[in-house]
Amino acid sequence: MHYRRLGSSGLQLSALSFGAWVTFGTAVDRGAARELLACAFDHGVNFFDNAEVYSRGEAERIMGDALADLRLPRDAFCVSSKVFFGSARDPKPTQRGLSRKHVMDACHQALQRLRVDYLDLYFCHRPDPETPIEETVRAMDTLIRQGKVLYWGTSEWPAEAIREAHTIARRHGLSAPAMEQPQYNLLHRERVEVEYAPLYREFGMGTTTWSPLASGVLTGKYVHGVPEDSRLATPGYEWLRERIESPEGRADQKRVAKLLPIARELGVTPAQFAIAWCLKNPHVSTVLLGASRRGQLEENLAALDAVGKLDEGVMKRIDAALAPG
Ligand code: NDP
């Protein structure tokens, strides 16, 4: 495993990390979670990602129980949660968004479910137009001063809102966001590469990027339809299936088909190719992997060995293959 600093902070995260979205609480039960977390940890992964909304709190419960069962030393791993969507099917008005109340309550609930005394990383899962950014920055600062959170950050916030959070933090001597959690993969590049470009320089922003395989699309496995054991067939994720089967989704799959021969030529699997491509970006602090079974995770962790094969010439071929038209 390689370790990278979370932006300009001192925190060293494994270049590949592991998250619970869709899988924990559906395809991944307690036993499978233990197996996957142990496998990841044994390969050097030191960051596990979660959120209040994943399986409505159940993903955090499963991860917390598995981490406790495995007796992983608390100083050897980092764990996160995210606040915004609430953990109930129909959250109370006080239990969604980024108000001081919900930021505090969601943190306390995540600590209980994950069975830890502090969250290493705590994210605002989306921007909240109903809450002044200053209220959220102050709430995060309080949690950091209380020792319940070590680093706070944002997820899918526009660059302007992140800048505003920094300005407020600087003005009042509060903790500023250290990281952002954006989607980043071969099909989804703009925000990380263009919109956020000034933020790495100005604020030393780190990134914990999500969906390196675009929910599996980049493996090419949906080209001939949806396998019944895939996340697209999971109840509650019909919206994801609709998106991937939409005309835009089909166009993406055509673009993926152009990349598959390049992966084959390099002697790596499509998944390893796509993950290695994410790792080539030096502004990516860690690539969050998802996996519903051990074989996938082992294959994906081996992407580290593929990074060296993506030289300048290969990167240019990838850009050409993805270019419009
Ligand atoms: P990916 O895009 O890598 O998708 C992972 C899924 O792809 C797996 O669950 C599996 O689905 C399939 N897959 C994985 N490896 C392989 C393989 N080698 N061959 C074939 N199929 C494979 O990542 P995620 O979308 O899961 O995102 C990773 C993490 O990022 C999440 O767990 C979460 O922690 C975070 N995240 C954060 C978000 C945010 O808003 N902040 C949003 C989304 C994710 P299947 O079961 O179908 O086989």
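Biologist: How many residues surround the ligand, and which are the closest?
Modeller: There are 33 residues around the ligand, and the closest are Asp-49, Ser-211, Lys-221, Arg-231 and Ser-292, where a residue is near a molecule or strand if one of its heavy atoms lies within 4 Å of it. Please keep in mind that this is a predicted model, in which local features need pLDDT of at least 70 and side-chain atom pairs count only at pLDDT 80 or more, while totals for chains, interfaces and linings use all residues. Residues are numbered from 1 along each chain as its sequence is written, and side-chain values use heavy atoms, with hydrogens and water left out.

Biologist: OK, and what is that shell made of by class?
Modeller: The shell around the ligand has 14 polar, twelve nonpolar and seven charged residues. In this scheme Ala, Val, Leu, Ile, Met, Phe, Trp, Tyr, Cys and Pro count as nonpolar, Asp, Glu, Lys and Arg as charged, and the others, Gly among them, as polar.

Biologist: Which helix gives the most to the shell?
Modeller: That is helix 11, with three residues. Helix 11 (294-301) and strand 10 (286-289) each supply at least two residues of the shell. Helices (H or I, at least four residues) and strands (E, at least two) are DSSP runs, numbered from the N terminus.

Biologist: How far is the polar side-chain atom of Lys-221 from an oxygen atom of the ligand?
Modeller: The distance is 2.6 Å for Lys-221, and a polar side-chain atom of His-125 lies 3.3 Å from a ligand oxygen. Trp-21 takes part through its backbone, where a polar atom is 3.0 Å from an oxygen atom of the ligand. The protein covers 95% of the 910 Å² of accessible area that the ligand has on its own. Those areas come from the Shrake-Rupley method with a 1.4 Å probe, and for residues only the protein chains shown count as cover.

Biologist: Back to strand 10, then. Are its residues buried or exposed, and which way do they point?
Modeller: Thr-286 and Leu-288 point one way from strand 10, Val-287 and Leu-289 point the other way, and all are buried. Buried means under 20% relative accessible area, exposed means over 50%, and partly exposed is in between (1.4 Å probe, protein chains only).

Biologist: And what pairs with strand 10?
Modeller: Strand 3 (residues 16-19) runs parallel to strand 10 and is joined to it by three bridges, with Leu-16 opposite Val-287. Strand 9 (residues 206-209) also pairs with strand 10 in the parallel sense, over two bridges, and there Thr-208 stands opposite Thr-286. Two strands pair if DSSP finds at least two bridges between them.

Biologist: New topic: Asp-49 was in your list, so which side chain is joined to Asp-49 by a polar contact?
Modeller: The side chain of Ser-80 is, at 2.5 Å. A polar contact is a pair of N or O atoms within 3.5 Å; within protein, one must be able to donate a hydrogen and the other to accept it, and residues adjacent in sequence count only if both atoms are side-chain atoms.

Biologist: Where is Ser-80, and is it buried or exposed?
Modeller: Ser-80 lies in strand 5 (residues 78-83) and is buried, with a relative accessible area of 0%. Not counting residues up to four places away in sequence, Ser-80 touches several residues, among them Phe-47, Leu-114 and Phe-123, where contact means heavy atoms within 4.5 Å.

Biologist: How many bridges does strand 5 share with strand 6?
Modeller: Four, and the two strands pair in the parallel sense; the bridge partner of Ser-81 in strand 6 is Tyr-122. Strand 6 (residues 119-124) is mostly covered, as six of its six residues are buried.

Biologist: Why is helix 10 called largely enclosed?
Modeller: Helix 10 (residues 270-279) is largely enclosed by the rest of the structure because nine of its ten residues are buried, including Phe-273, Trp-277 and Cys-278.

Biologist: Last one: what is the phi of Ala-214?
Modeller: Phi of Ala-214 is near 50 degrees, a positive value in a residue other than glycine. Ser-215, not a glycine either, has a positive phi of about 60 degrees. Ala-214 lies in the loop between strand 9 and helix 8 (238-245), and Ser-215 is placed in the loop between strand 9 and helix 8 as well. Ala-214 is buried at 14% relative accessible area, and Ser-215 is buried at 12%.
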